[in-house]
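Good morning, colleagues. Please look at the structure as it comes up.

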Amino acid sequence: MTLCRRGYKAYLYLEDGTLLEGCGFGARAVKAGEVVFTTAMNGYPESLTDPSYKGQILVITHPLVGNYGIPNKEIENGILKNFESERIQIEGLIVAEETEPKKWNSSKSLHDWLKEEGIPGISEVDTRMIVKRVRSKGAMMGVLASGYELDEPRKFLEKRYDEIDFTKFTSPKSPIIHPNGNNIIVVVDCGTKHGILYELYKRGFTIVRVPCNFSAENIMDYMPKGVVFGNGPGNPNLIRDVVKTFKDLTEYRVPILGVCLGHQVATLALGGGVKKMKYGHRAINKPVIDTTDGKCYITTHNHGYGVFKNDIPPSSKVWFYNPDDGIIEGLIHEKLPIITTQFHPEAKPGPNDVTWVFDKFKKMVI
Ligand SMILES: NC(=O)CC[C@H](N)C(=O)O
């Protein structure tokens with residue numbers, strides 16, 4: 001291999017025994033996680049800070065990553081406008097080539113950002129080969145060692161991704177309020193992206209973010225006009241208390257919007273099922289069909305679990321589905337004011353074609 005530009009090597013081990021050597025960047029560190037890939041061509045500052053990636057090592061399939069650097073933090077009413085949370089959430093980053101920024105408003109390079117936040121990166125590896133392996137064998141655990149040799153990688157793989165409740169790392173410990181008028185929306189925050197908060201804030205709501213394990217009674221104490229169950233990391237089947245909260249809230253008939261993990265929690269609470277997909281949907285150009293008018297939208301996805309055709313909860317209609325694999329991408333309850341999307345209507349990154357989902361929710365609420 002040629003000399004590494006940052007002066008150190010990196011190694012990637014996959015649980016099927018694959019061992020790759022590449023160049024290190026970011027922090028010198030060893031991290032384990034589930035290896036997943038996104039085909040998004042841009043939006044790495046948003047993706048890397050998306051709390052739904054907690055516990056995962058991310059492969060970006062776009063060949064050059066870092067060209068436009070990392071922006072300065074912009075904050076409005078406590079909501080981040082160009083990052084999805086306060087820190088990098090991925091465990092490690094895999095790219096074909098990391099580059100120095102060439103943009104007027106970049107504050108730092110991808111390399112410096114990862115280094116500051118203790119996250120290892122590997123470059124100069126064949127990302128296409130890694131993705132083909134994950135696509136054919138299914139999601140795999142992996143170990144990324146940057147600046148270190150990897151002698152006994154298997155000792156880092158004791159716990160499987162699917163068995164860990166990552167929401168305890170991404171959910172706030174106590175409520176956080178973003179004041180903005182009299183109409184309150186409670187967001188059950190298992191690691192909600194700031195893009196979702198911003199879409200609610202823009203529509204004139206005061207947002208109360210509550211810890212993931214808040215009870216329905218405590219949520220209703222805020223007298224919310226509506227409740228949002230946002231995105232979050234890990235296996236939805238492990239967070240039974242959040243599912244119970246959703247179920248209890250249906251007794252109050254309060255309008256509910258579920259997004260991504262929120263869609264999965266709704267499915268479980270309403271009597272349906274959620275299973276692990278072979279390698280998930282992570283992209284900013286996934287098609288979904290709206291069953292109410294037959295329109296196809298191009299949407300942002302980041303999920304490894306999914307609602308399959310046989311697991312649709314009773315009393316719920318399919319609102320959206322993915323025409324590629326039939327995964328259920330949204331539900332509308334037949335009697336209660338509940339709507340859900342598996343995709344991200346706030347995009348971040350991605351196309352803004354479906355932000356109208358928040359307008360629909362606003363109409364249900366006020
Ligand atoms: N973005 C999300 O909310 C992801 C939900 C869940 N952790 C999954 O991987 O399917």
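Predicted model: local features only at pLDDT ≥ 70, side-chain atom pairs only at ≥ 80, totals over all residues.

Glu199 forms a salt bridge with Lys202, with 3.3 Å between the closest N and O atoms; by salt bridge I mean a side-chain nitrogen of Lys or Arg within 4 Å of a carboxyl oxygen of Asp or Glu. Both residues belong to helix H5, residues 194-202, where they are 3 residues apart, about one turn of the helix. Helices here are DSSP runs of H or I with at least four residues, strands are E runs of at least two, and both are numbered from the N terminus.

Residues are numbered from 1 along each chain as its sequence is written, and side-chain values use heavy atoms, with hydrogens and water left out.

Is Glu199 buried or exposed? Glu199 is buried, at a relative accessible area of 8%; buried means under 20%, exposed over 50%, and partly exposed in between, using a 1.4 Å probe and protein chains only.

A second pair is Asp311 and Lys275, whose side chains meet in a salt bridge at 2.7 Å, N to O. Asp311 sits in the loop between strand E20 (296-306) and strand E21 (316-321), and Lys275 in strand E19 (residues 275-290), so this pair ties together parts that are 36 residues apart in sequence. Asp311 counts as buried at 15% relative accessibility, whereas Lys275 is partly exposed at 44%.

The structure holds 18 salt bridges.

Let me turn to the ligand. Which residues come nearest to the ligand? They are Ser52, Gly234, Cys260, Asn302 and Gly304, of the 13 residues around it, a residue being near if one of its heavy atoms lies within 4 Å. A backbone N or O atom of Gly232 is 2.9 Å from a ligand nitrogen atom, and a polar backbone atom of Tyr305 is 2.9 Å from a ligand oxygen atom. Taken alone, the ligand exposes 300 Å², of which the protein buries 99%; these areas come from the Shrake-Rupley method with a 1.4 Å probe.

Key:
Polar contact = N/O pair within 3.5 Å; in protein donor to acceptor, adjacent residues only side chain to side chain.
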